[in-house]
Amino acid sequence: MDKAQAELDYGFRLYQGGVVPGNQLRVVNIDGIDVEACCGTHCDNTSQVGWIKLLKTSRIADGTVRLYFVAGEKTIQVLNQENIVLNRLQKMWSVNLTKLEDTAERFFKDSKRLSTEVDK
């Protein structure tokens with residue numbers, strides 16, 4: 001769609017995620033919910049994307065949240081890297097995966113307590 005026409009039809013709410021470069025843009029309109037200008041990669045079917053892993057979110061404006069994610073083969077790489085870290089922590093702390101979170105919490109609380117005692 002022509003950018004000027006899209007702005008006439010939808011206003012500047014098109015750019016909640018940021019301004020899209022160029023004079024042509026793709027408009028994603030979910031009637032009654034949201035309308036956005038989009039310049040990302042597109043698939044004919046969501047099954048083409050494969051796995052998706054959300055990495056983080058950040059609020060960039062009132063009511064606008066930016067999602068950071070990986071998809072496809074990159075998802076497997078990220079999951080493998082996270083698994084390596086979990087395995088290292090289990091070995092380092094001599095605990096199994098089900099006890100990892102409790103152990104980390106205990107270490108953190110002990111560290112805070114000791115730090116407070118040293119500061120006194």
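## The loop between α2 and α3

Ser94 sits in the loop that joins α2 to α3. Helices here are DSSP runs of H or I with at least four residues, and they are numbered from the N terminus. Ser94 is not a glycine, yet its phi is positive, at about 55°. With a relative accessible area of 67%, Ser94 is exposed. Exposed means over 50% relative accessible area, buried means under 20%, and partly exposed lies in between (1.4 Å probe, protein chains only).

## Basis of the model

This is a predicted model, in which local features need pLDDT of at least 70 and side-chain atom pairs count only at pLDDT 80 or more, while totals for chains, interfaces and linings use all residues. Residues are numbered from 1 along each chain as its sequence is written, and side-chain values use heavy atoms, with hydrogens and water left out.

## How α2 and α3 pack

The axes of α2 and α3 are 10 Å apart, and the two helices pack at an angle of about 70°. That makes α2 roughly perpendicular to α3, a label for angles of 65 to 115 degrees. Axes are lines fitted to C-alpha atoms, for helices over the stretch in contact, and angles run from 0 to 180 degrees between N-to-C directions.

The crossing of α2 past α3 is left-handed. In such a crossing the near helix is turned anticlockwise from the far one by less than a right angle.

## An aromatic pair

How many aromatic pairs does the count come to? The count is 1 aromatic pair. Rings of Phe, Tyr and Trp (its six-membered ring) pair if their centres lie within 6.5 Å. Planes under 30 degrees apart count as stacked, over 60 as edge-to-face and the rest as tilted. The ring centres of Trp93 and Phe107 are 4.9 Å apart and their planes stand at 90°, so this pair is edge-to-face.

Trp93 belongs to α2 (residues 73-93) and Phe107 to α3 (residues 97-119), so the pair ties together parts that are 14 residues apart in sequence. Trp93 is partly exposed, at 24% relative accessible area. Phe107 is also partly exposed, at 32%.

Thr75 lies in α2. Thr75 is buried, at 1% relative accessibility. A polar atom of its side chain lies 3.1 Å from the backbone oxygen of Trp51. This is a polar contact: a pair of N or O atoms within 3.5 Å, where within protein one must be able to donate a hydrogen and the other to accept it, and residues adjacent in sequence count only if both atoms are side-chain atoms.

Glu73 is in α2. Glu73 is exposed, at 67% relative accessibility. Glu73 and Ile52 are 21 residues apart in sequence, and their C-alpha atoms are 9.3 Å apart in space. In α3 there is Thr116, which is partly exposed at 45%. A polar atom of the Thr116 side chain lies 2.9 Å from the backbone oxygen of Lys112.

## The ends of α1

Asp2 caps the N-terminal end of α1 (residues 3-10), with a side-chain oxygen 3.2 Å from the backbone nitrogen of Ala4. Gly11 follows α1 and has a positive phi, near 75°.

Technical notes. Parallel < 35°, antiparallel > 145°, perpendicular 65-115°, else oblique.
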